[in-house]
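Work through the exercises below with the sequence and the model open. Each task is followed by a solution in steps.

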Amino acid sequence: MSGDKGDSGNRRLIAEFKGYFLSALTIITVWSLTSYIVSSPALPQPFEVVIYFLIKLPELSKHVAVSLFRVVYSIILALSISIPLGLMCFKDSADRIISPFIFLLYPIPHIVLLPLIILLFGIGDASKIFLIAMILFFQILVTTRDSARNISEYYILSLKSLGASDWDVYRHVVFPASLPRILTAMRISVGTAIAVLFFAESFATTTGLGYVIMDAWSRADYKSLYAGIISMALLGFSMYIVLEIIEKRLCRWV
């Protein structure tokens, strides 16, 4: 029985690897053909960019580490506040207090607050981390709140009939039932975090992949520009894969 499960898992991994490989091959082929047709220095051939990327990898690694620190710190900060607040909305009394704030503040385009955030936190890492965390906070909070509010009363009453406390309800029903949607929100948030990271790192800094991309663009150094874009794409892809692995391990029932 365990052997069948192992074979099934291996076949799934091989199928996923083939899917990623074919997708990457398709993107490279389209890129190469477009570069050949356009014939512009602004769109070099992919093999030229890959060679340049490998040569510059030690230098790029320092900027990748800085960007990774900023985005991971932001995600942890957003999760540590948004998940408890979202789960609390399971109760009507808490939802009546928290939801009005969500409805009033969530539609605001938070990116426009960057000048104010820089005034308050300076131009260092704190302002960039706060901006990313604030945007992710609302995305994860809304999803967690909606998931907690949609849990059937039947499960709660069943547990309550066995003498469960409020803590037991949150631990054994509300959190496990909300976890798949929380992880889905986190995977969506990775793309948002990388996009905001690029914006936040594109000025008033000399570190990070956003700085690398904008600096290369201002110098018309297209190979360096694409090497920065590839680094940022690999950063987002790696985080997405890590979250997918975590989801498969924690949510085996999905």
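Helices are DSSP runs of H or I with at least four residues, and strands are DSSP runs of E with at least two. The model used here is predicted.

**Exercise 1.** Find the helix and strand content of residues 225-243, and how far apart the end C-alpha atoms lie.

Solution. Step one: the span is 100% helix and 0% strand. Step two: its end C-alpha atoms lie 28 Å apart. Step three: for residues 188-213, the corresponding values are 69% helix, 0% strand and 23 Å between the end C-alpha atoms. Step four: both spans come from the UniProt annotation "transmembrane region" in an unreviewed entry, which also covers residues 20-38, 71-90, 102-123 and 129-148.

**Exercise 2.** Classify the pair formed by the rings of Phe-69 and Tyr-73.

Solution. Step one: a pair of aromatic rings is described by the distance of the centres and the angle of the planes. Step two: ring centres must lie within 6.5 Å, and planes over 60 degrees apart count as edge-to-face. By this rule the model has 9 aromatic pairs. Step three: for Phe-69 and Tyr-73 the centres are 5.6 Å apart and the planes stand at 70°, so this pair is edge-to-face. Step four: both residues belong to helix 3 (residues 57-88), where being 4 residues apart separates them by about one helical turn. Step five: Phe-69 is partly exposed at a relative accessible area of 42%, and Tyr-73 is partly exposed at 44%.

**Exercise 3.** Classify the pair of Tyr-106 and Phe-138, then locate both residues.

Solution. Step one: the distance is 6.4 Å centre to centre and the angle between the planes is 40°, which makes the pair tilted. Step two: Tyr-106 sits in the loop between helix 4 (92-105) and helix 5 (114-121), while Phe-138 sits in helix 6 (residues 125-149), so the pair ties together parts 32 residues apart in sequence. Step three: Tyr-106 is partly exposed, with a relative accessible area of 38%. Phe-138, at 7% relative accessibility, is buried, because buried means under 20%. Step four: Tyr-106 and Phe-138 form one aromatic cluster together with Phe-137.

**Exercise 4.** Which residues make the nonpolar surface patch of about 520 Å²?

Solution. Step one: the patch is made by Ile-97, Phe-101, Leu-104, Leu-105 and Ile-108. Step two: take Ile-97, which is found in helix 4. Step three: with a relative accessibility of 56%, Ile-97 counts as exposed, because the cut-off for exposed is over 50%.

Methods: Residues are numbered from 1 along each chain as its sequence is written. This is a predicted model: local features need pLDDT of at least 70, side-chain atom pairs count only at pLDDT 80 or more; totals for chains, interfaces and linings use all residues. Side-chain values use heavy atoms; hydrogens and water are left out. Rings of Phe, Tyr and Trp (its six-membered ring) pair if their centres lie within 6.5 Å; planes under 30 degrees apart count as stacked, over 60 as edge-to-face and the rest as tilted. Buried means under 20% relative accessible area, exposed over 50%, partly exposed in between (1.4 Å probe, protein chains only). UniProt positions are given in the numbering used here, feature names are shortened, and annotations may be inferred rather than shown by experiment. Patches are made of residues with over 30% relative accessible area and no salt bridge: like charges are joined within 9 Å, nonpolar side chains (Val, Leu, Ile, Met, Phe, Trp, Tyr) within 5 Å. Accessible areas come from the Shrake-Rupley method with a 1.4 Å probe; for residues, only the protein chains shown count as cover. A salt bridge is a side-chain nitrogen of Lys or Arg within 4 Å of a carboxyl oxygen of Asp or Glu.
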